[in-house]
Amino acid sequence: MMHTTNFEPLREATIRALSLDPSEPLEFDPLLKGGSDRHFYRLKAGGGRSWIAVCYGTERAENALYTDIARFLEKIGVPVPRIVAEDAAGRMLWLEDLGGEDLYFYRSAAWDQKLELYGKAIRAASVLHGSGWERAQALKLELMPGFDEKLYAWERNYFYDEFLAGVCRDPLDTGAREKIEADFQPVARRFSEAAPELVHRDFQSQNIMVRGGDVVLIDFQGMRRGVRHYDLASLIFDPYVVFTTGEREKLIGLAFSLDGGGQSPADFRRDLLAAATQRLMQALGAYGLLGLKKEKTAFLRHIPHALENLGWVLRAGGISTALLERVEKHLPVCKEKYAATKPGA
């Protein structure tokens with residue numbers, strides 16, 4: 001994988017992949033994005049032309065699935081970036097440049113504007129959630145292993161180990177873990193036995209680009225079988241964007257109206273809140289691993305809001321009093337330690 005201040009190898013690969021004149025000047029602008037083993041560059045050429053180059057490693061098998069998934073999503077009507085060129089052997093992609101605005105960029109916009117954009121994002125996801133699984137199966141599209149009880153348990157263990165034990169220095173003893181698990185295992189079982197749907201897996205504000213008032217989904221290579229509520233919860237309870245309780249409730253209502261999957265309002269809300277607990281536990285585990293072990297400390301600043309959201313969901317959903325007690329125990333300390341830079345700053 002190419003990640004260097006020496007851009008000559010990337011320049012040579014770009015000239016070959018895009019059939020450019022070797023003498024043409026190219027500018028390379030590294031883009032800081034996410035916590036994976038991928039690196040992004042904005043390439044600028046004459047005449048206002050630009051592309052995004054993606055160089056990816058072998059740490060995550062899902063990276064190699066991006067191209068086929070992108071073409072599938074485009075085929076079923078989900079807005080995604082156009083692939084300009086690919087070098088699978090060199091683990092590189094060149095994509096159309098969608099600009100620098102994502103849903104996160106609009107975090108401080110007027111509520112009416114945000115609501116319109118979130119509605120467009122949910123509509124795009126509803127295409128994926130609706131017929132996506134059946135169509136992917138018909139085309140034998142290769143995907144990452146789907147959500148099941150084992151994967152849901154992995155997310156919770158990620159939270160216990162990387163967040164509670166790692167960040168909070170509060171490892172669960174066997175009895176405490178079993179008590180919390182007794183609350184969550186029935187939820188994971190219900191989700192695992194539900195009719196399969198195709199989910200983005202990381203459907204949050206920084207993975208939804210905005211161009212000309214329309215939305216385009218990115219970072220979908222981890223797409224897999226699951227339940228739509230996981231994606232919708234990832235968006236509505238996104239730790240990167242702060243909503244008031246009233247705004248969040250409006251988003252929940254919008255999600256139900258656009259992507260309710262035929263459920264009753266009560267069942268939809270129950271499953272949305274349950275999925276939000278899973279998603280937020282996964283996110284907090286990731287922030288702990290990335291922020292402490294991988295020393296990507298920018299992720300630590302999102303801990304207080306993620307923990308606040310988890311507390312809100314646990315209170316609203318009544319899923320686990322035992323976990324809520326832990327969250328309320330650590331929230332004041334995390335706010336003091338990690339909220340020097342608030343989400344959105």
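This is a predicted model: local features need pLDDT of at least 70, side-chain atom pairs count only at pLDDT 80 or more; totals for chains, interfaces and linings use all residues.
The protein chain exposes about 15300 Å², and 51% of that comes from carbon and sulfur atoms.

**Entry: the whole chain**

I looked up the secondary structure next and found 10 helices and 9 strands. The radius of gyration is 21 Å, close to the 20 Å that the globule rule gives for 345 residues, so the chain is as compact as a globular protein of that length. For the outline, I noted that the C-alpha atoms fill a box of roughly 65 × 45 × 40 Å along the principal axes.

Then I checked burial: 55% of the 345 residues are buried. I also looked at contacts between residues at least 6 apart in sequence, and 70% of these join residues at least 24 apart.

I have 45 positive and 48 negative side chains on my page, with the centres of the two sets 1 Å apart.

**Entry: helix 2**

Which residues of helix 2 are buried? Helix 2 covers residues 66-76, and my list of its buried residues reads Y66, T67, I69, A70, F72, L73 and I76. I wanted to know what covers them, and the cover includes strand 4 (83-87), strand 5 (92-96), helix 3 (111-138) and strand 6 (197-199).

**Entry: S234**

I moved on to S234, which is found in helix 6 (residues 228-236). Is S234 buried or exposed? Its relative accessible area is 1%, and buried means under 20%, so S234 counts as buried. The side chain of S234 reaches the backbone oxygen of Y230 at 2.7 Å. Leaving aside neighbours within four places in sequence, I found S234 in contact with F203, Q204 and R279.

**Entry: E12**

My last stop was E12, in helix 1 (residues 8-18). E12 has 41% relative accessibility and counts as partly exposed. How far apart in space are E12 and P22? I noted 8.1 Å from C-alpha to C-alpha, with the two residues 10 apart in sequence.

Notes: Residues are numbered from 1 along each chain as its sequence is written. Side-chain values use heavy atoms; hydrogens and water are left out. Helices (H or I, at least four residues) and strands (E, at least two) are DSSP runs, numbered from the N terminus. The radius of gyration is taken over C-alpha atoms; the globule rule is 2.2 Å times the number of residues to the power 0.38. Buried means under 20% relative accessible area, exposed over 50%, partly exposed in between (1.4 Å probe, protein chains only). Contact means heavy atoms within 4.5 Å. Accessible areas come from the Shrake-Rupley method with a 1.4 Å probe; for residues, only the protein chains shown count as cover. Lys and Arg count as positive and Asp and Glu as negative; His and the chain ends are not counted. The place of a charge is taken as NZ of Lys, CZ of Arg, CG of Asp or CD of Glu. A polar contact is a pair of N or O atoms within 3.5 Å; within protein, one must be able to donate a hydrogen and the other to accept it, and residues adjacent in sequence count only if both atoms are side-chain atoms.
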